[in-house]
Amino acid sequence: MDVNELLTDELDRVRTQVPQIVEGLDDDALCWRPGPEGNTIAWLVWHLTRIQDDHLAAVAGLEQAWTAAGWYERFDLPFPAEDHGFGHSAEQVGQVRVGSRLLAGYHGAVADRYAGFVGGLTASDLDEVVDTRWDPPVTLGVRLASVVGEVHAHAGQAAFVRGLWERRTR
C-alpha cells in the first residue's frame with residue numbers, strides 16, 4: 001500500500017462514518033450533551049470537518065471549502081470565518097446548532113475537495129516542511145498524521161455521544 005492509498009483510506013473511513021453518525025437526528029439530538037460541559041454531535045462533526053478543511057487547505061495551497069464554497073454563510077454561526085473550534089467554551093459548543101444534512105454536506109464537500117491532493121502524494125512529499133512555527137518544524141507527514149488522528153478521535157466521540165443519546169431515548 002502506498003502512502004497516498006493509506007491516507008486516502010484513513011480519511012475515507014471518516015467520510016463514511018460522518019453521514020451514519022448524523023443520519024436521522026433532529027436538531028435536539030444533534031445538540032444533546034451527555035453532561036453540562038460535554039460536546040455535542042453537531043459541534044464534534046463541525047469541528048472535525050473544520051480541522052480537516054483548515055489544515056489540508058493550508059498544506060494544499062487552497063482556500064478552505066468553508067469560505068470558498070459558501071459553507072461559512074450556510075452555517076451562519078456566530079464565529080469568525082477562520083474559527084475551527086479549537087479551545088471553544090461550553091457556551092460556544094452550544095452555539096453550533098445546525099442540521100444533519102448541512103453537517104454531512106460540508107464534510108462530504110471537504111472530503112471531495114482534498115481527495116485529489118491526498119491521492120497524489122508520494123512518500124518523499126511527507127518530508128516537506130509545512131510549518132516552521134514549531135521546533136522542530138512540522139513536516140507534511142506530521143501534519144497529515146495530526147489531521148487523521150483528530151478526525152478519527154472526534155468521529156469516535158460523536159458516535160459515542162449518539163449511542164448515549166439513543167440509549168437515553170429508549
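Modeller: Let us begin with exposure: a residue is called buried under 20% relative accessible area, exposed over 50%, and partly exposed in between. Please keep in mind that this model is predicted.

Biologist: Is Arg97 buried, exposed or partly exposed?

Modeller: Arg97 has a relative accessibility of 44%, so it counts as partly exposed.

Biologist: With which residue does Arg97 form a salt bridge?

Modeller: In general, side chains of opposite charge can pair when their charged atoms come close. Here the partner of Arg97 is Asp28, and the closest N and O atoms are 2.8 Å apart.

Biologist: Where in the chain are Asp9 and Arg13, and how are their side chains paired?

Modeller: Their side chains meet in a salt bridge, with 2.7 Å from N to O. Both residues are in helix α1 (residues 3–22), and because they are four residues apart, about one helical turn separates them. Asp9 is partly exposed at 27% relative accessibility, and Arg13 is partly exposed at 46%.

Biologist: What is the partner of Arg15?

Modeller: Arg15 forms a salt bridge with Asp112, where the closest N and O atoms lie 2.2 Å apart. This pair links distant parts of the chain, for Arg15 is in helix α1 and Asp112 is in helix α7 (residues 100–119), 97 residues away. Arg15 is partly exposed, at 29%, and Asp112 is partly exposed as well, at 47%.

Biologist: At what angle do α1 and α8 pack?

Modeller: The angle between α1 and helix α8 (residues 140–169) is about 25°, and their axes are 10 Å apart. Angles under 35 degrees count as roughly parallel, and α1 is therefore roughly parallel to α8. The crossing of α1 past α8 is left-handed.

Biologist: Which residues make the contact?

Modeller: On α1 they include Leu7, Leu11, Arg13 and Val14, and on α8 they include Leu144, Val147, His152 and Arg162. The residues of this contact between α1 and α8 comprise 12 nonpolar, three polar and three charged.

Key. Residues numbered from 1 in each chain as written. Predicted model: local features only at pLDDT ≥ 70, side-chain atom pairs only at ≥ 80, totals over all residues. Heavy atoms only, no water. Salt bridge = Lys/Arg side-chain N within 4 Å of Asp/Glu carboxyl O. Helix = DSSP H or I, 4+ residues; strand = E, 2+ residues; numbered from the N terminus. Buried < 20%, exposed > 50% of the residue type's maximum accessible area, 1.4 Å probe, protein only. Axes fitted to C-alpha atoms, helices over the stretch in contact; angles between N-to-C directions. Parallel < 35°, antiparallel > 145°, perpendicular 65-115°, else oblique. Left-handed = near helix turned anticlockwise from the far one by under 90°. Contact = heavy atoms within 4.5 Å. Nonpolar A, V, L, I, M, F, W, Y, C, P; charged D, E, K, R; others polar.
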